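Look at the fold shown here.

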Amino acid sequence: MSDSLDALERRIAELRAEVRRAVKAKENSLARSLRGDLRRAEQAWDAAITSEAPEPPHEPETSLVPIREQVHQALAMLGVPTAAKLIVAVNDAFFSRELRGSQLTSLRRDEERSFRGDPYARPYYLCAALTDRLSPARGLFADSTWPPESRVLGPLSPRVDFLVSAMRVAEHLTRLAEPPAGAVRLLSRMAQNIPGAVEGFAPADPATAIRAAQAELEVHLATDSAQRAEVAARAMRQLPDVERLFGATAMNTLRGAC
């Protein structure tokens with residue numbers, strides 16, 4: 001394409017010089033003919049330079065779904081307390097919507113403010129997962145409609161929740177006729193951290209990943225469930241409604257333990 005552009009530019013320069021000579025010599029018919037040739041050459045140059053220009057970078061379409069609803073959909077799919085980074089990854093892989101971690105920074109504070117102002121006015125709240133000290137777990141989102149045992153954490157819970165998340169991602173993939181490439185990559189990355197879930201760095205097979213995650217989950221699940229039940233019972237006994245969803249302050253936690 002560059003060669004044809006160079007040739008067109010030389011031709012345009014020659015035609016301009018010939019038009020000047022014809023006008024100077026008062027050869028009006030020749031000048032009109034040369035101007036026609038010049039216009040056609042300039043149009044050809046415009047078309048050539050336009051086709052050579054790189055495509056503008058694709059900008060993801062701004063989703064019409066509110067950020068709050070996007071987070072809720074990701075949580076509904078995974079079913080366990082989830083970090084913002086994984087919420088963003090799931091949203092991108094399965095729903096092809098633009099969501100940035102920075103957009104989630106103040107979301108939980110906004111949810112708590114809304115709950116304090118008008119408790120239970122919304123059908124759900126994006127709340128905190130609670131640690132065994134009944135304080136909010138840093139960076140984890142949960143769904144207020146989940147049972148208390150699903151919104152608290154014990155020592156084994158991070159691993160259990162990771163395995164459950166991987167299984168949910170794999171199960172969702174098996175229901176899709178044409179799984180998105182990004183979703184396959186997400187499962188493959190998760191499967192790298194589950195023994196027997198994937199061979200090397202090959203794309204993960206959903207069924208294999210589910211079996212491997214389930215096998216490890218059976219080792220931890222009973223103990224984790226018992227630990228979570230104990231934390232949930234303490235939260236229900238010691239905390240008012242707002243703190244059951246968004247966590248207790250350090251002083252309130254210490255007071256409740258006394």
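**Helix 6 and its surroundings**

The buried residues of helix 6 pack against helix 3 (67–78), helix 4 (84–95), helix 7 (181–191) and helix 8. Buried means under 20% relative accessible area, exposed over 50% and partly exposed in between, with a 1.4 Å probe and protein chains only. Helices (H or I, at least four residues) and strands (E, at least two) are DSSP runs, numbered from the N terminus. This is a predicted model, in which local features need pLDDT of at least 70 and side-chain atom pairs pLDDT 80 or more, while totals for chains, interfaces and linings use all residues. Residues are numbered from 1 along each chain as its sequence is written, and side-chain values use heavy atoms, without hydrogens and water.

Among the buried residues of helix 6 are Val160, Leu163, Val169 and Leu173. Val169 also belongs to the largest nonpolar core, which has 49 residues. Such a core is a set of buried Ala, Val, Leu, Ile, Met, Phe, Trp, Tyr and Cys residues joined through side-chain atoms within 4.5 Å. Phe94 is one of the members that touch the most others. Beyond its neighbours within four places in sequence, the contacts of Phe94 (heavy atoms within 4.5 Å) include Val169, Leu173 and Leu186.

Two loop residues have positive phi without being glycine. Lys26, with phi near 60°, sits in the loop between helix 1 (2–24) and helix 2 (28–52). Leu134, with phi of about 70°, sits between strand 2 (126–130) and strand 3 (136–143). Are they buried or exposed? Lys26 counts as exposed because its relative accessibility is 71%, whereas Leu134, at 1%, counts as buried.
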